[in-house]
Amino acid sequence: MRVLVTGGTGYIGSTAVDILITKGYEISILDDCTTGHADTAPAGVSFIQGSLLSAGDVAQALVGVDAVMHFAGKSLVGESVEKPDLYHQVNVDGSRNLLDQMHASGVTKLVFSSSAATYGEPEQVPILETAPTKPTNPYGATKLAIDQMITAEAESRGIAAASLRYFNVAGALKSSRGWLAERHNPETHLIPNVLRSTSDNPVKVFGTDWPTPDGTCIRDYVHVVDLIDAHIKALESLAPKIHEIYNLGSGDGYSVREVIAAASKSAGYQIPTLDSPRRAGDPAVLIADINKAKNKLGWVPTHGIEKMVADTLASIS
Ligand SMILES: NC(=O)c1ccc[n+]([C@@H]2O[C@H](COP(=O)([O-])OP(=O)(O)OC[C@H]3O[C@@H](n4cnc5c(N)ncnc54)[C@H](O)[C@@H]3O)[C@@H](O)[C@H]2O)c1
């Protein structure tokens with residue numbers, strides 16, 4: 001089976017490419033490398049350096065393809081507040097173009113990178129897939145709009161699809177070409193920022209008075225290797241005319257201080273931190289209910305926070 005990986009030179013997409021090849025899939029990549037890195041693309045794969053927004057680029061990338069894993073997009077919450085039109089254009093219009101070109105090419109299988117940001121401030125944790133969707137920023141709104149577009153596409157054109165709503169993705173994978181890891185600029189994710197913290201530029205702990213056991217926010221982290229395992233299980237379970245939505249996390253929460261403690265242990269020194277005021281819009285606790293993915297896909301995440309921290313540390317050392 002040939003899989004088109006959009007965003008296949010980004011952090012998660014490049015990891016998917018590597019694992020899919022190991023499992024025997026043939027790969028095509030479409031990526032404009034705005035936040036990805038062309039050097040992650042393995043020799044021998046079909047790599048179109050082009051845009052999701054170009055009908056021609058997408059049609060070319062779909063030649064000979066049986067299924068699509070759609071990772072390409074813009075994913076910084078803060079940037080989405082500053083540039084909502086850009087986020088709508090790349091994420092929503094780009095996905096519309098992809099769906100139309102898939103239809104024109106007769107490609108009917110899709111696995112999409114959605115996000116926990118579709119839920120917004122949760123009324124209940126752990127968060128179920130049936131929870132209300134009230135995104136609190138333009139990034140989350142674009143992911144929800146794409147999920148809704150895919151549901152309509154399954155109903156009207158009969159595609160087989162899954163949206164995977166990631167919580168916080170972390171860790172890295174050592175490939176034959178070196179580490180596939182987060183190389184975002186700016187980096188907004190906690191674990192790489194904790195591991196790069198210095199006494200001159202300490203990582204900020206946003207809020208120490210949240211209603212949690214140690215006063216810091218609690219989030220759910222999933223290792224990128226476990227995440228891609230879920231993608232492959234979702235791909236293999238797709239059914240025509242059905243759009244399934246699955247939450248992907250570990251089902252456990254870790255506070256910011258617990259992540260810093262795990263990182264300090266792994267690094268062998270106390271990570272410097274700076275207690276700072278709460279950020280507006282941060283919920284106290286975000287934890288996924290992952291029972292649907294466990295029960296319907298037979299997926300079980302196997303890498304804990306220590307492995308996520310250790311792999312990230314190895315990737316940046
Ligand atoms: N990293 C996380 O914790 C997380 C959490 C939830 C959802 N997601 C989603 O997962 C996906 C991958 O995230 P990531 O962390 O690997 O981000 P990333 O920025 O590393 O990867 C995104 C890729 O998409 C490419 N891209 C962007 N615009 C494009 C366009 N117009 N045409 C073609 N390619 C384009 C970029 O060059 C990049 O390679 C994104 O859709 C993101 O919203 C990530």
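The model is predicted: local features need pLDDT of at least 70, side-chain atom pairs count only at pLDDT 80 or more, and totals for chains, interfaces and linings use all residues. Residues are numbered from 1 along each chain as its sequence is written, and side-chain values use heavy atoms, with hydrogens and water left out.

**Salt bridges**

The structure holds 17 salt bridges, each defined as a side-chain nitrogen of Lys or Arg within 4 Å of a carboxyl oxygen of Asp or Glu. The table lists some of them.

| Pair | N to O distance |
|---|---|
| Arg165 and Asp147 | 2.9 Å |
| Arg278 and Asp209 | 2.9 Å |
| Lys292 and Glu244 | 2.8 Å |

Arg165 is in strand β6 (residues 160–166) and Asp147 in helix α5, so their bridge ties together parts 18 residues apart in sequence. Helices (H or I, at least four residues) and strands (E, at least two) are DSSP runs, numbered from the N terminus. Both Arg165 and Asp147 are buried; buried means under 20% relative accessible area, exposed over 50%, and partly exposed in between (1.4 Å probe, protein chains only).

Asp209 is exposed, at 51% relative accessible area, while Arg278 is partly exposed at 41%. The charged end of Arg278 also sits over the ring of Trp210, 4.0 Å from its centre. This term requires NZ of Lys or CZ of Arg within 6 Å of the ring centre and within 35 degrees of the ring normal.

Lys292 in helix α9 and Glu244 in strand β13 (residues 243–248) link parts of the chain that are 48 residues apart. Lys292 is partly exposed, with a relative accessible area of 23%, and lies over the face of Tyr246, at 4.9 Å from the ring centre.

Arg96, Asp100, Glu153 and Arg157 form a network of salt bridges.

**Helix α4**

Helix α4 (residues 84–105) has 22 residues. Its buried residues include Tyr87, Val90, Leu98 and Met102. Among the elements covering the buried residues of α4 are β1 (2–6), β5 (109–115) and α5 (138–157), where contact means heavy atoms within 4.5 Å. Gly106 follows α4 and has a positive phi, near 75°.

**Helix α7 and Asp226**

Asp226 lies in helix α7 (residues 224–236). Asp226 is buried but has no salt bridge, and the nearest side chain of opposite charge, Lys233, is 8.4 Å away. Lys and Arg count as positive and Asp and Glu as negative; His and the chain ends are not counted. Leaving out residues up to four places away in sequence, Asp226 touches Trp299, Val300, Pro301, Thr302 and His303.

Methods:
Expected span 1.5 Å × (residues − 1).
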